[in-house]
Amino acid sequence: MLRNGLEPWHLLIVAIVVILLFGSKKLPDTARALGKSLRILKSETKAMKDEAGDDKNGPGPGVVRAGEPAAAHDRGPAAH
C-alpha cells in the first residue's frame, strides 16, 4: 500500500497547499524568520557544547561559578 511513501507529486501538492494557506506574500518573510531561528539555535547549541567541553576540564583556581556564593570559596577546605 505504501511502497513509495513520498513521491514528487506529493511534494507538489504540499507546496500548493502551503501557498494557498499562507499566501505568496508571507512565504519569504516566513522563510527568513525560520532561517534566523535556525541560525540562533545553531549558535546556542554550539555555545552549549563549548561550555560542556570547558566544564570537563574544570574551572581554574579561584574561579567562582555562577550561582555559587563567593564565600564558599573563601573559607578553604578546612572550613567545610
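Predicted model: local features only at pLDDT ≥ 70, side-chain atom pairs only at ≥ 80, totals over all residues.
User: What span does α1 reach from its first C-alpha to its last, and what is expected?

Analyst: The expected span is 1.5 Å times one less than the number of residues. Helix α1 has 15 residues and reaches 21 Å between its first and last C-alpha atoms, which is close to the expected 21 Å.

User: Which residues form the nonpolar patch on the surface?

Analyst: The patch is formed by W9, I13, V14, V17, V18, L21 and F22, which together have about 670 Å² of accessible area. One of them, V18, lies in helix α1, which runs over residues 8–22, and V18 is partly exposed at a relative accessible area of 30%.

User: What share of the residues of the protein counts as buried?

Analyst: A residue is called buried when its relative accessible area is under 20%, and of the 80 residues here 0% count as buried. The protein as a whole exposes about 7600 Å², with carbon and sulfur atoms supplying 64% of that area.

User: How many salt bridges does a search of the whole structure find?

Analyst: The search finds two, and a pair qualifies when a side-chain nitrogen of Lys or Arg is within 4 Å of a carboxyl oxygen of Asp or Glu. In one of them D29 pairs with R32, their closest N and O atoms being 2.9 Å apart; in the other D50 pairs with K46, at 3.4 Å between the closest N and O atoms.

User: Why are D29 and R32 separated by about one helical turn?

Analyst: They are so placed because D29 and R32 are three residues apart in helix α2, residues 26–57. In the other pair, D50 and K46 are four residues apart in helix α2, and therefore also separated by about one helical turn.

User: Is D29 exposed or partly exposed, and how does R32 count?

Analyst: D29 counts as partly exposed at 47% relative accessibility, whereas R32 counts as exposed at 54%.

Definitions and conventions. Residues numbered from 1 in each chain as written. Heavy atoms only, no water. Patch = residues over 30% accessible without salt bridge, like charges linked within 9 Å, V, L, I, M, F, W, Y side chains within 5 Å. Areas by Shrake-Rupley, 256 points an atom, 1.4 Å probe, with all protein chains shown as cover. Helix = DSSP H or I, 4+ residues; strand = E, 2+ residues; numbered from the N terminus. Buried < 20%, exposed > 50% of the residue type's maximum accessible area, 1.4 Å probe, protein only.
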